[in-house]
Amino acid sequence: MGNAITLNAGGGIMIIWVVAMIALIYFMMIRPQKKEQKRINQMLGSMAVGDSVVTTSGFYGVILDITDEDVIVEFGNNKNCRIPMRKAAIAQVEKAQAVATASTEKVEKKDNE
């Protein structure tokens, strides 16, 4: 007889399980991670001078200058506290116009009380 490789029913089911596990890992782990990385890259790409940011360490500041890989952020009311950092250290960005609108609404609300 020949040296033909034959798959019995157990081998076929095993291959189906392996393919199913790989697909499950892709849809549960790899795909969401890629979507999150795309969102972060889009957020970092849309940063502008004057935007309020939160760093990965939890500090709040305002962007003063942007280069290709770095930003200069001013923290607090002290105008001397300007720190250059990598864009990757930014966790959240709030656009300058949204921040101004929110602070105006807070002031108006306090005036009405």
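Colleague: Is Glu 74 buried or exposed?

Modeller: This is a predicted model, and within it Glu 74 has a relative accessibility of 9%. The residue therefore counts as buried, since the cut-off is under 20%. Glu 74 belongs to strand 3.

Colleague: Which side chain does the side chain of Glu 74 meet in a polar contact?

Modeller: The partner is Arg 82, and the polar contact between the two side chains is 3.3 Å. Beyond four places in sequence, Glu 74 also touches Gly 61, Val 62, Leu 64, Lys 79 and Cys 81, among others.

Colleague: How does strand 3 pair with strand 2?

Modeller: The two strands run antiparallel and are joined by five bridges. One of the paired positions is Ile 63, whose bridge partner in strand 3 is Val 73.

Colleague: How should I think about the side chains along a strand?

Modeller: In a regular strand the side chains alternate between the two faces of the sheet. As a separate general point, nonpolar side chains in soluble globular proteins tend to be buried together.

Colleague: Which residues make up the largest nonpolar core here?

Modeller: There are 10 residues in this core: Met 43, Leu 44, Met 47, Val 53, Ile 63, Val 71, Val 73, Phe 75, Met 85 and Ile 90. Helix 1 (9–45) and strand 3 (70–75) are the elements that give two or more residues to the core. Strand 3 gives the most, with three residues.

Colleague: How are aromatic pairs described?

Modeller: A pair of aromatic rings is described by the distance of the centres and the angle of the planes. In this model the count comes to two aromatic pairs. Tyr 26 and Phe 27 form an edge-to-face pair, with 5.2 Å centre to centre and 80° between the planes. Phe 59 and Phe 75 form an edge-to-face pair as well, at 6.0 Å and 70°. This second pair links distant parts of the chain, 16 residues apart: Phe 59 is in the loop between strand 1 (52–55) and strand 2 (60–66), while Phe 75 is in strand 3.

Colleague: Are Phe 59 and Phe 75 buried or exposed?

Modeller: Phe 59 is exposed, with a relative accessible area of 52%, whereas Phe 75, at 10% relative accessibility, counts as buried.

Colleague: Where is Lys 87 placed, and which backbone oxygens does its side chain reach?

Modeller: Lys 87 lies in the loop between strand 4 and strand 5 (90–94). With a relative accessibility of 17%, Lys 87 counts as buried. Its side chain has a polar atom 3.4 Å from the backbone oxygen of Thr 67, and reaches the backbone oxygen of Asp 68 at 3.4 Å. The C-alpha atoms of Lys 87 and Asp 68 are separated by 8.6 Å, although these residues are 19 apart along the chain.

Terms used. Residues numbered from 1 in each chain as written. Heavy atoms only, no water. Core = buried A, V, L, I, M, F, W, Y, C linked by side-chain atoms within 4.5 Å. Buried < 20%, exposed > 50% of the residue type's maximum accessible area, 1.4 Å probe, protein only. Helix = DSSP H or I, 4+ residues; strand = E, 2+ residues; numbered from the N terminus. Polar contact = N/O pair within 3.5 Å; in protein donor to acceptor, adjacent residues only side chain to side chain. Contact = heavy atoms within 4.5 Å. Phe/Tyr/Trp six-rings, centres within 6.5 Å; stacked < 30°, edge-to-face > 60°. Pairing = 2+ DSSP bridges.
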